Amino acid sequence: MFRDDLDVKPERNWRGESGLKLPFYRRGWFGALVALFILGVVAAFGVYSVIVAPLRRDAEKFDLEELKKLESASLIFDRNGDEMSRLYVLNRTPVPITDVPQHFIDALVAQEDSRYFKHDGVDYIGLARAVKENLSAGQVTQGASTITQQLARQTFQLLEKSYKRKILEAFIAQRIEKHFSKPEILELYLNRIFFGLNFYGVQAAARGYFGKDVKELTIEESATICGLIKSPNNIQPLRNPQRALKERNYVLDRMAAEGTLTAEDAARLKKKPLVTAPQTSDPRLSYVFDAVRREVVNIVGEERASIGGFRIYTSIDQDLQKTTETALSKQMAEVEKRPGYEHQTFEQFRSIISDYRARMKRGEIDPSTPKPMPEYLQAAALMIDNKDGSILAMVGGRDFGDSQFNRATDGVRPVGTAFTPLVYAAAFSSQGLYPGTKVDDAPLDNRRVMIGGLTGILGEWGAEVADPKWSQAPMSSREALVQGRNSATVRLGERVGVPMVKQVAQKAGITSELRDYPSTFLGASEARLSEMCLAYSNFPTLGNRPQKLNLIQRITDSQGKAVFQIAESELQTSQSMDPIAAYQTHTCLVDALHRGTGSPAVTDYKLGDFPAGGKTGTHYEFKDLWFLGYTSSITCGVWAGFDKQKTIYPGAFSNRVLLPAWVGMVNASTARYTPQEITPPQTAERVEICQRSGMRATDYCYEKVKDAAGVEKSVRATYFEYIRVGTPLEGFCPAHTGEGLPREIAQFQHQNSFGIETAPMIADASKWFHIEPIRMQALTVIGDDPYASEQAIPRARPVNDDGTPVRKALPVDAVNETKDGPVLKLAPPPPMKIEL
C-alpha cells in the first residue's frame, strides 16, 4: 500500500518548480509595495513639512481674544454735534447663551453640526462624507465646516476658497476648542453670525423677524432663523417667505432625525404658517440711519465695523430732517384724500398687512402665500448745502419698514420737465443766445420728440395747467422756461443740439446715462434725485457746485482717535457750468417760482419773502412728479410716483402735489441757512429790456397803471437782463412811442442844479413824434469812460406831492448880494467850558 521511495520529484509550472517557491517578502510585488509605501510616507512628510506645518504655525499666530470683541453701540451725531441715535452699525445686540432656549440650540446643531458636542473642532466623519458626496457629484455640493470652524472663519475673515484656507481654519478651530467650552463657543457664534437684512446675531434676528427676544422664540421660529444661516439674504422670510418656509421645515426634519424632536411634533409644526412681525418705526430702521450704516461699512470695512463703538459725525440737520419727514408724509396723505383717487393708500396698506398677519396666524391662508407688497404712492426728498454738498435732510420713502429701497439716492426715474433748465443753460452757454432770444411757441409734431408716442401733437403738460394754449407767436426764451412751454423748449434745444445739452447736464452733475434723442430735452431720460439736486445747485452758485454729496464728516473710535475725516478737497466746489449761463438760468427760475409754473408757492403756500428759484417737473402721463428749487444756501428736491410706474391721476401737476411740501422744507431752512441775494458775474453786461417788446428799452418804455386809490400813473415797464459781452441784440423797442406820457417825460424836460424846471429841450416836440429816432448801435467811448457818458448815474431828488422839487437850505461862506438883499453870515458861537 505504501511506497518505499519517498523522494518527491518537483513539478514544474509557469511559476517554476513548486518546490522552490520564494517567500512573499522576497517577491517582486512586495518590494514594489514597500517602495510605494515609503514613497507615500516621504510625500506625506513633505506635504506636511511644506504645507501643513506652516499652516499649523500660522494658526498659532491668531489672537483668540478677537472672538470676544463683538460690536458695541455707536453714537451718531448731527452737524451741530447733538446726539441723534445710538445704534449698532451692524445691528447687533449680544446676549448670553443662557438666554437662548434649548430648542434653538437643538435646531442649530441639527442644521449645522450634528456632532458638535463630540468633535474637537473638526468633524472627520462629516469631512469624509462630504468628500465622498462631492466626488460622486463631480463638484462641490456640500461642505463639512463645523460651528467652530464657521466661528473661526467669520472672526478672522478667512474667506479665500482654497484647501489651504480649510486646513488653517481647522487648526484654528482646534485651538478654539482647547481654550473655550462648548457653551462659550455657541455664545460667541450666535452673537456674531449674519442672519440677513442687516441683522447680526441671534437677538437682532429674533427682534427683526419676529418682534421678540430670542428667549421667547418658539420651536418653529427657532428653526426658521437657523435655516437662514447657509444663505441669509436669499432665504430671509421678509423677502422670500416661500424659501424660508421650505428651509424651516427641513430643519424640523433634521431635528426629528437627530432625536431632539419627535416625528409627530415635527409634522405638526411643519403645518404652521410662517408669520413674521411687522417692521417697526425704530429710528435705527430709517433711511438716514441705514445710509449712515452702509457708508460706515464702506469707509472702515465690514470687519472693523463689526467692532462698533464709533462716534459718527454726520451732516444731517435734525430739525430739518424732522420737518422734511413731516412735510412729505402730510402732503402725500392729502393727495390720497383727493376725491376720485383710485390707487391704494398708505392707510389701506396698513389694514391689508394687518389682515394678512392675522389670517396667517389663524391658519386661514396657505403658509406659502407671499407677504403683500406696498403699492401706495411713494415720495422722496433731499436737501443739500450748496457750499460743500453735505446732506442736510433725506427721506427715501414713506415707510422704511415697508420698503428699504432709498428712492432719494438709488431711485432712477424719468425727470420730466424738471430737466428743461439744463436745456436752457446749454443754450445760454452758446454765443449769441440769452434769455431774450426769441423762440416759436406753436404746436409741434410729436415725431420730432417722440414723448409717449410717434404721432400727434406734442403735449404741453409741462405748463402745469389743465388746458394749456400755444401763443402761436415768438416768445422770449425766458418766458418759455417760466411758463413751461415744451414746444418752444424743444425748438431751443434743437438749436444747440442733443450732444451739447448732454455735455452741460453731465458736467452739472447728472451721471446717469442720457438718451441721444430729442426726447431728452423734455426729461425722457432717467436720473436720481441726488443727481438732480447736485445739478440745480449750479444755478445759485454761478455754476460753482459741490464736487459730490457727502453724509459722514468724521468718525472716531472708542478712544477718540480719528478713524475717518472727510478730506478738505472733497468739500471744495468746482466750476461745472458757464457762470453767465448759470446766472441767466437762475433769473428765469426765480420768475418761474414767483410768476410762472411755481407761482402757487407764493400765492397759495406762503413761501417766505427771500430770494429763491425753482422749477416744476412733470413726466408724460403724470407718472413721475418733481420739484427742484434752491436759495443761495441750500438746494432742495422732492419726487413722487409709484414704484411700478403709472399715472398718479390725470392733471396731477407737481405744483399742487409736491410744491406745498417743498415750500415747508425751504421755509424751515431759512432760520439757520439765511438766503442771500445772488449777484451776477462781473463779466456780464447789464442791459435794460422792454417788458412788452422784449427789445432794448428806450426813454418811452412806460405803461399806464392805477394805484390802490385809482390814480393813474406812468410806470417804467422794463427789466434788466445780464448778457454775455458781444451778444447781438435785436434793436430798440418800437412798441412805445411816448403817446399819452406826461409832458415832462415826453418832451425830455430836465431840471437845473437847483431842481428848477426849465423849458423843454425841443420846442413843440410833439410834432416830431412821427419821426423814428436814430440811435447808436455801439459804444461811442472805447476804453475808460471818466465822465460816465455811456451810463448816466441817476441822482434821487426829494419832491413835493405835486411833483415840485423840495427846496433845501444851502450853506454860505460870506455876505452875498442877492436880488432879495444882503445875506449876513454869523460867526459860530464860542466853545463852552464845563468845570467838573
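Guide: In this predicted model, K182 counts as buried, because its relative accessibility is 16% and the limit for burial is under 20%. K182 belongs to helix α6, which covers residues 182–192. Leaving aside residues up to four places away in sequence, K182 is in contact with Y116, F117, H119 and E177.

The aromatic rings may be considered next. A pair of aromatic rings is described by the distance of the centres and the angle of the planes. The count of aromatic pairs comes to 13. One of them joins Y287 and F400: the ring centres are 5.1 Å apart and the planes stand at 85°, so the pair is edge-to-face, given that angles over 60 degrees fall in that class. Y287 lies in helix α12 (residues 287–300), while F400 lies in the loop between β7 (391–395) and β8 (412–414); the pair therefore ties together parts that are 113 residues apart in sequence. Y287 is buried, with a relative accessible area of 7%, and F400 also counts as buried, at 9% relative accessibility.

A further edge-to-face pair is formed by F346 and Y376, with 5.0 Å from centre to centre and 70° between the planes. This pair links distant parts of the chain: F346 is in helix α15 (residues 346–362), and Y376 is in the loop between α15 and β6 (378–385), 30 residues apart. Both F346 and Y376 are buried. Ring pairs also bring F349 into the picture, linking F346, F349 and Y376 into a cluster.

The cysteines come next. The count of disulfides is zero. For C636, the closest cysteine sulfur is that of C533, at 6.6 Å, which is too far for a bond, because the two sulfur atoms of a disulfide must lie within 2.5 Å. C636 is buried, with a relative accessible area of 0%. C588 is likewise buried, and its relative accessible area is 0%.

Finally, the surface deserves attention. L33, L36 and L39 form a nonpolar patch there, with about 320 Å² of accessible area together. Of these residues, L33 lies in helix α1, which covers residues 28–60. L33 is partly exposed, because its relative accessible area is 48%, a value in the range between the limits of 20% and 50%.

Terms used. Residues numbered from 1 in each chain as written. Predicted model: local features only at pLDDT ≥ 70, side-chain atom pairs only at ≥ 80, totals over all residues. Heavy atoms only, no water. Helix = DSSP H or I, 4+ residues; strand = E, 2+ residues; numbered from the N terminus. Buried < 20%, exposed > 50% of the residue type's maximum accessible area, 1.4 Å probe, protein only. Contact = heavy atoms within 4.5 Å. Patch = residues over 30% accessible without salt bridge, like charges linked within 9 Å, V, L, I, M, F, W, Y side chains within 5 Å. Areas by Shrake-Rupley, 256 points an atom, 1.4 Å probe, with all protein chains shown as cover. Salt bridge = Lys/Arg side-chain N within 4 Å of Asp/Glu carboxyl O. Phe/Tyr/Trp six-rings, centres within 6.5 Å; stacked < 30°, edge-to-face > 60°.
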